[in-house]
Amino acid sequence: MGAAAEPAVERESEGGGRGAKEEEVEGEVKSGGEESKDVERGEVGFHGGVAGSYQNPTDFRASMLQSLDSTNPLRIVINGGTRVTTPSPAHASIPRSTHPPSHASVPRSTPPPPHASVPRSTPTPQSIATLNSRNCTNKLSLFLFLLHLVIAVGLVGFLVFKGVQGLIEASEDIKRKEKAVLKYFVPQAEVASFLSITLAFAWQKAVREWPKFMVHFILWSAFGMSLSAGVLLLCFQTAPTDGVGVCFIAFAIGNGLYACWVSQRTRFCCSIFLKSLEPVSKFPDINQPTYAMLGAGFLWMSLWLLAVIGALNFYFPPLIIIVLVLSLAWVTEVMRNIANITVSRVIALYYLRGMQSTTHICLQRALTYNLGSACFGSLFVPTIEALRIVARGLNLLQGEDEFMFSCAHCCLRVMDFIFRHGNGWAFVQIAAYGKGFVKASQDTWELFEKQEMESIVDSDITSSICFLTGVCSGSICVIVVAAWTVTVHGSFTATISLLAFFIGYLMTRIAMALPHACVSCYYVCYAENPENRLFDKTIKDHLNMIKSEQEVVAPTPRVPIRFRSA
């Protein structure tokens with residue numbers, strides 16, 4: 001019986017090795033069920049309560065010895081099924097003999113501790129099962145998005161038809177209006193699309209190559225470009241362009257103040273960018289989802305522009321155009337989050353399992369199982385980010401009079417709930433474990449709280465950097481398109497400037513999904529396993545500096561301390 005124990009353990013390790021190879025080669029490992037989980041942990045799944053039918057452990061051992069398989073003496077037949085003779089923690093009290101047994105006496109040996117049989121280098125079947133979840137998440141959001149997409153495609157197709165009809169059969173007044181839009185509006189918008197795609201890849205490449213320089217450059221170039229666009233629009237001296245120009249200048253002032261405020265955080269942000277972008281070079285095809293999303297976005301935007309022309313030949317043109325703008329924003333935001341989830345899965349599996357995943361398989365998962373979460377997050381994450389800015393502003397009221405702060409108290413409580421149940425960090429766990437958006441948000445924030453990382457993620461400026469990159473691209477598009485439009489059709493200048501900014505911002509945000517996803521994976525995967533050898537001491541040292549008050553951060557305020565007991 002002593003000789004039988006060693007081959008039994010060897011069979012376990014061989015099975016675990018095969019499972020690890022399947023995970024490494026295919027990237028998608030199927031669950032082995034409860035039975036394989038027991039074997040992996042060294043537990044034998046005794047069905048039917050076999051152990052419970054023997055009151056005396058000696059009788060149970062004797063029954064085991066009498067039930068040896070005739071074809072293989074290293075296996076035991078239990079209730080007609082074959083099991084490997086590896087003890088489980090639940091049956092640790094069953095003695096194991098080191099010599100052939102006799103009816104007179106059976107020497108006993110001390111069983112190993114229950115955790116000794118758990119293989120440390122092989123992921124548990126529970127982790128493998130969750131990493132390969134086949135459940136579709138946030139099905140209601142997926143249904144609403146697909147329904148909206150069907151309606152949007154139908155509306156765009158109908159409006160394109162109305163545009164063509166207006167050019168052929170409508171009155172001379174409508175024909176003249178549509179021809180002017182087609183001649184002086186659509187070309188500028190298409191140029192803005194091409195320019196924004198070019199800028200998007202330029203920004204992404206620059207951030208990947210020179211992250212330390214680009215963080216500072218983006219902060220101040222967004223200020224300079226938005227200020228330049230505002231001044232240019234003011235120079236045209238028309239009421240519409242003056243209104244848009246004032247908005248750009250006001251944003252530039254706020255951007256400059258923000259750049260000064262976060263100057264102390266840029267060094268840590270540069271370090272995180274530099275470290276989190278290291279795995280990108282190991283995946284040559286990791287940018288393919290971004291190419292696909294930008295290509296799809298350009299095609300959809302071209303049809304969208306033609307639909308705008310058709311809206312001029314239909315009822316309530318302003319309302320139709322507003323609906324088209326909202327639809328475009330949701331669709332492009334979903335595209336960005338599809339790229340985000342794809343990159344997040346590739347990088348997360350590299351951190352969590354050391355796997356070289358295939359990007360197109362991860363893209364297929366993002367387009368199928370995780371699409372509902374991408375749709376749900378696309379609706380709420382931008383709103384949450386805006387609330388985050390508002391929360392920082394409300395933090396300034398803490399030292400003011402009690403009446404003003406009591407008005408902000410209710411809003412801060414709502415924000416505390418929102419931050420916990422919905423945040424942009426959730427996309428990492430959505431990609432890795434196939435969780436729903438709310439569940440992923442809660443679990444991710446619990447990981448941050450467990451590692452005491454709330455102050456770090458609250459003060460992170462990665463999302464702000466990506467946002468300001470989009471602002472910078474949009475401002476450049478405004479400068480180019482406005483200077484062109486004012487010379488050919490001045491009445492379109494304000495409208496085409498807003499559209500150019502919108503297009504430039506959206507396209508750039510899609511491209512910046514890659515560095516944003518890499519940083520998110522670095523934070524979340526570190527919170528899950530800080531001892532991973534792929535992580536250095538950047539976060540740990542920064543946490544120690546914050547605790548020792550050598551580093552000052554300005555976290556997003558939750559409910560103020562003086563009100564938490566209320």
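Trainee: Why does R336 count as buried?

Mentor: Good place to begin, and keep in mind that this is a predicted model. R336 has 7% relative accessibility. Buried means under 20% relative accessible area, so R336 counts as buried.

Trainee: And what makes the contact between E333 and R336 a salt bridge?

Mentor: The closest N and O atoms of E333 and R336 are 2.4 Å apart. The cut-off is a Lys or Arg side-chain nitrogen within 4 Å of an Asp or Glu carboxyl oxygen, so the pair E333 and R336 forms a salt bridge. In general, side chains of opposite charge can pair when their charged atoms come close.

Trainee: How are E333 and R336 placed along helix α12?

Mentor: They are 3 residues apart in α12, which covers residues 317-353, so about one helical turn separates them. E333 has a relative accessible area of 12% and is therefore buried too.

Trainee: How many salt bridges does a search of the whole structure find?

Mentor: That search finds 6 salt bridges. Let me take you to D443 next. Its side chain meets that of K435 in a salt bridge, at 2.7 Å from N to O. The side chains of D443 and K439 also meet in a salt bridge, at 3.4 Å from N to O.

Trainee: What makes K435, K439 and D443 one network?

Mentor: Salt bridges that share partners join K435, K439 and D443. D443 takes part in the bridge with K435 and in the bridge with K439. Within helix α17, D443 and K439 are 4 residues apart, so about one helical turn lies between them.

Trainee: Which of these residues are buried and which are partly exposed?

Mentor: D443 is at 12% relative accessibility, so D443 counts as buried. K435 is at 22%, so K435 counts as partly exposed. K439 has a relative accessible area of 46%, so K439 is partly exposed as well.

Trainee: How do you know that the span of α17 is close to what is expected?

Mentor: Helix α17 runs over residues 437-450 and has 14 residues. From its first C-alpha to its last it reaches 20 Å, and the expected value at 1.5 Å a residue is 20 Å. The buried residues of α17 include F437, A440, W445, L447 and F448.

Trainee: Where is N138, and what is its phi?

Mentor: N138 is in the loop between α4 (125-131) and α5. Its phi is positive, about 50 degrees, although N138 is not a glycine. With a relative accessible area of 22%, N138 is partly exposed.

Trainee: Why is F143 called exposed?

Mentor: Exposed means over 50% relative accessible area. F143 has 51%, so F143 is exposed. This residue is found in helix α5, residues 139-169.

Trainee: Which residues form the nonpolar patch on the surface with F143?

Mentor: The patch consists of L140, F143, L144, L147 and I151, with about 520 Å² of accessible area together.

Trainee: What makes T290 buried, and which residues does T290 touch?

Mentor: T290 lies in helix α11, residues 288-311. Its relative accessibility is 0%, so T290 counts as buried. Leaving aside residues up to four places away in sequence, T290 touches F201, Q204, A339, I510 and A511.

Trainee: To finish, what do the values for the chain say?

Mentor: The chain has 23 helices and 2 strands. Buried residues make up 48% of its 566 residues. Among contacts between residues at least 6 apart in sequence, 78% join residues at least 24 apart. The accessible surface comes to about 27100 Å², and 63% of that belongs to carbon and sulfur atoms.

Key. Residues are numbered from 1 along each chain as its sequence is written. This is a predicted model: local features need pLDDT of at least 70, side-chain atom pairs count only at pLDDT 80 or more; totals for chains, interfaces and linings use all residues. Side-chain values use heavy atoms; hydrogens and water are left out. The expected span of a helix is 1.5 Å times one less than its number of residues. Buried means under 20% relative accessible area, exposed over 50%, partly exposed in between (1.4 Å probe, protein chains only). Contact means heavy atoms within 4.5 Å. Accessible areas come from the Shrake-Rupley method with a 1.4 Å probe; for residues, only the protein chains shown count as cover. Patches are made of residues with over 30% relative accessible area and no salt bridge: like charges are joined within 9 Å, nonpolar side chains (Val, Leu, Ile, Met, Phe, Trp, Tyr) within 5 Å.
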